[in-house]
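The stops below say what to select at each step.

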Amino acid sequence: MELVSGWHGLRADGRLPGELRRLRCEVGVRPQADGSSVVEMGNTRVVCAVYGPHEVSPQLRAKLLQPEGGGGGSGGRGAILNCQLSMAAFSTTERKQGRSMDKRCQSWSISLKQTLEAVVLTHLYPRSQIDIYLQVTQSDGGNLAAAINAATLALIDACIPLRDYVTACTASFVQDETGGDGGGILDVSYLEEAAGNCPVLTLALLPRTQQVVATDMNSRLHCDHLPQMLHSAIQGCLATHAVMDAAVAKYVDRTLLA
């Protein structure tokens with residue numbers, strides 16, 4: 001499958017190579033949770049709920065006794081982030097997901113935890129626990145990026161102090177039909193991931209300082225193509241931040257007027 005048409009310069013879904021999918025963010029969707037959000041990136045939909053800070057559960061209490069780790073770089077004295085990412089059985093066309101999907105969700109949960117530990121001010125909540133539960137209810141590529149964005153909004157709704165927003169986006173690189181250098185594409189969908197057989201980069205960014213806090217690559221990539229992919233992903237993260245910030249501002253206005 002040709003990811004970018006040589007005649008029109010458009011992708012299979014009609015987007016330009018550097019164009020994001022439709023992004024929709026909603027904050028405060030679950031009153032029972034301390035913080036919650038829904039993020040839709042194209043057809044990918046992730047729901048997030050945050051509970052805490054609260055007393056550490058017995059299962060995680062042992063981590064507080066360790067000299068290092070478990071506190072986001074605070075030597076075990078800060079809050080423990082308990083991140084769990086799962087996929088609904090109906091989120092993909094594959095009904096029998098098996099162990100491979102479970103391992104992928106575990107890997108995403110670890111990546112999500114490490115990303116959030118870089119921005120959450122865990123030292124303000126010593127010897128406590130913050131639970132972050134996410135579920136992918138519809139999967140169409142960019143699941144980890146959507147989960148990071150949803151977790152950020154839910155933490156803001158829960159009034160958990162953060163260094164900055166952390167926004168995420170995916171990017172890829174396609175070769176030119178003539179064998180030339182080709183170019184980068186932004187916000188890769190599942191169809192492009194599966195049919196294009198191309199490397200996909202997931203990047204998490206602090207928009208204010210443009211500091212990269214996490215990266216994930218699904219395959220090998222020539223080092224000459226990495227700068228272009230990084231540039232595309234950073235631009236996507238900045239555009240995503242603008243939408244997320246507008247959603248938070250809208251939620252705050254609605255809450256104050258309620």
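**Before selecting.** This is a predicted model, in which local features need pLDDT of at least 70 and side-chain atom pairs count only at pLDDT 80 or more, while totals for chains, interfaces and linings use all residues. Residues are numbered from 1 along each chain as its sequence is written, and side-chain values use heavy atoms, with hydrogens and water left out.

Stop 1: Two strands count as paired if DSSP finds at least two bridges between them. Angles run from 0 to 180 degrees between N-to-C directions, and axes are lines fitted to C-alpha atoms, for helices over the stretch in contact.

On strand 1, Leu23, Cys25 and Val27 make up the covered face, while Arg24 and Glu26 make up the uncovered one.

Next, take strand 3 (residues 44-55) with strand 5: the two are antiparallel, with 9 bridges between them. Glu55 faces Ser128 of strand 5.

**Stop 2: Asp131.** Show the side chain of Asp131, which is in strand 5 (residues 128-138). Is Asp131 buried or exposed? Its relative accessible area is 7%, so Asp131 is buried (buried means under 20% relative accessible area, exposed over 50%, partly exposed in between, with a 1.4 Å probe and protein chains only). Its side chain makes polar contacts with the side chains of His54, at 2.7 Å, and Asn82, at 3.0 Å. A polar contact is a pair of N or O atoms within 3.5 Å; within protein, one must be able to donate a hydrogen and the other to accept it, and residues adjacent in sequence count only if both atoms are side-chain atoms. Leaving out residues up to four places away in sequence, Asp131 touches Ala49, Val50, Tyr51, His54 and Asn82; contact means heavy atoms within 4.5 Å.

A cis peptide bond with omega of about 5° joins Gly52 and Pro53. Most peptide bonds are trans, and most residues other than glycine have a negative phi.

**Stop 3: helix 3.** Select residues 143-157. The 15 residues of helix 3 should span 21 Å at 1.5 Å a residue, and the end C-alpha atoms are 21 Å apart, which agrees; the expected span is 1.5 Å times one less than the number of residues. Of those residues, 14 are buried, so helix 3 is largely enclosed by the rest of the structure.

Just after helix 3, Cys159 has a positive phi of about 65°. Cys159 sits in the loop between helix 3 and strand 6 and counts as exposed at 60% relative accessibility.

Stop 4: Select strands 6 to 9. These 4 strands form an open, antiparallel sheet in the order 7-6-8-9. Strand 7 (183-186) and strand 9 (211-217) are the edges. Between strand 6 (residues 167-174) and strand 8 (residues 200-206) there are 6 bridges, and Cys169 has Leu203 as its bridge partner in strand 8. Helix 3 packs on this sheet too, touching strands 6, 8 and 9, at about 160° to strand 6. Helix 5 (residues 226-257) lies across strands 6, 7, 8 and 9, at about 145° to strand 6.

**Stop 5: the cores.** A nonpolar core is a set of buried Ala, Val, Leu, Ile, Met, Phe, Trp, Tyr and Cys residues joined through side-chain atoms within 4.5 Å. Select Leu116, Ile132, Leu134 and Leu155, which have the most contacts inside the largest core, of 44 residues. Helix 3 gives the most to this core, with 10 residues. Apart from it lies another core of 11 residues, including Cys169, Phe173, Leu203 and Ile234.
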